[in-house]
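Subject: Structure for you to look at

Hi,

Here is the structure I promised. Please open it alongside this message.

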Amino acid sequence: MPQQVTVTEHIMLHQKRIPGATGQFSRLLNELVMSAKIIAREVTKAGLVDVLGFTGEINVQGEEVKKLDEYANRILIHRLSRSGVLCAMASEENADIIEVPDSLPRGDYIMIFDPLDGSSNIDVNVNIGTIFSIFRRNSDPEEPLLAGDVLQKGAEQVAAGYVLYGTSTMLVLTTGDGVHGFTLDPSVGEFLLSHPNIQIPEQGKIYSVNEGNYKYWSPSMRKALNYFKSNRNALKKPYSLRYIGSLVADFHRNLLYGGVFMYPPDVRDPKKPTGKLRLTCECNPMAFIVEQAGGMATDGVNRILDIEPDHLHQRVPFYCGSRNDVLKIQEIFEEEAKASAKKA
Ligand code: AHM
Ligand code: MG
């Protein structure tokens, strides 16, 4: 019988490689895995019980909150705050930092998450996911927590990952030592290592973008799109357009097959001039994963992981995936910027 490595065993092995690790990190990841299993259970029975649809509330982003989003958020906050290893959390669904109360044991880690990303797909049985990012606190644990402990740049992440609720449930994780994928085996209730050392192809064959926004894009973004529509991909064939509208699912497919995901700024909504996706809970974790897999993630100019967040719900343009494709986008943007500077 082939030896099957569970995510818990993998985490224990990894822990041994982190200098100064105290066991807190493993406990945190184990708690996260447990939360993911509970959310996966609810997601898979979503059509059977009354968890579909809206709660009637509006979240901090001004969007309607779906019931499953709220459920996933509650599970994560409840379990993680009792793990004894976090001092604070931040969620896409909550306006402010959630500090672990003094009445509970606290640790040195901070977790930022999007409890259920791609929520517009919940009601139609299409893939959704949980995204997370983990930092270590910088300030003195005896002193009050600082905003800067939570608003660290992505390069300081100690771990990041996502859970994809799809045809099977998968956990994809990096602790800065490559990217590893684990598939939930429902017969034993364990995530088993199914995709060790994931590497994204250097040259992709897919582009993923909401092309319906074309008329709201800048000329340079339209040029980038036209590049993918009219050039050949890694297989010397036309690029395929694939867009689910769930970041986790679009990202995961491109990670395995090779491709580029784009969410550019647009002028549809004056309140969102820098794109839709959030730096801290969506772009940073995906950027850490893609870089660990050999790919790239930028805002069109800067490396995502080098951006210093100025607030929790900051949105950034996001271009992420196979290295050559992301470089190509940057090259097009640079050329366009030079050409318009010349004209001015
Ligand atoms: P959400 O966090 O409210 O679910 O929004 C984020 C989602 C991403 O999963 C996806 O990439 C994007 O929104 C799709 O947006 P659009 O429908 O504008 O293409
Ligand atoms: Mg989201």
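Below are my notes on the two ligand sites.

Keep in mind that this is a predicted model.

Metal site first. Four side chains coordinate the magnesium ion (ligand 2): Glu92 (OE), Asp114 (OD), Asp117 (OD) and Glu282 (OE). The distances run from 1.9 to 2.4 Å. Along the chain, the donors of the magnesium ion (ligand 2) are spaced E-x21-D-x2-D-x164-E. Glu92 sits in the loop between β3 (86–91) and β4 (98–99), while Asp114 is in strand β5 (residues 109–117), so this pair ties together parts 22 residues apart in sequence. Glu92 is buried, at 6% relative accessible area. Asp114 is buried too, at 0%.

Now ligand 1. There are 16 residues around it, and Asp117, Gly118, Tyr243, Leu247 and Tyr263 come nearest. Asp117 is also one of the magnesium donors.

Oxygen atoms of ligand 1 make these polar contacts:
- Tyr263, through a polar side-chain atom, at 2.6 Å
- Asn210, through a polar side-chain atom, at 2.8 Å
- Gly118, through a polar backbone atom, at 2.8 Å

On its own, ligand 1 exposes 470 Å², and the protein buries 87% of that. β5 and β13 (259–263) are the elements that give two or more residues to the shell around ligand 1. By type, the shell residues are seven charged, five polar and four nonpolar.

Where does ligand 1 lie relative to domain 1 (7–195) and domain 2 (206–343)? Both domains give residues to the shell, so ligand 1 lies between them.

Best wishes

Terms used:
Residues are numbered from 1 along each chain as its sequence is written. Chains are lettered from A and ligands numbered from 1 in the order in which they are written. This is a predicted model: local features need pLDDT of at least 70, side-chain atom pairs count only at pLDDT 80 or more; totals for chains, interfaces and linings use all residues. Side-chain values use heavy atoms; hydrogens and water are left out. Donors are N, O and S atoms within 2.8 Å of the metal (3.2 Å for Na, K and Ca); water is not among the atoms, so sites may look incomplete. Helices (H or I, at least four residues) and strands (E, at least two) are DSSP runs, numbered from the N terminus. Buried means under 20% relative accessible area, exposed over 50%, partly exposed in between (1.4 Å probe, protein chains only). A residue is near a molecule or strand if one of its heavy atoms lies within 4 Å of it. A polar contact is a pair of N or O atoms within 3.5 Å; within protein, one must be able to donate a hydrogen and the other to accept it, and residues adjacent in sequence count only if both atoms are side-chain atoms. Accessible areas come from the Shrake-Rupley method with a 1.4 Å probe; for residues, only the protein chains shown count as cover. Ala, Val, Leu, Ile, Met, Phe, Trp, Tyr, Cys and Pro count as nonpolar, Asp, Glu, Lys and Arg as charged, and the others, Gly among them, as polar. Domain bounds come from an automatic or database domain assignment.
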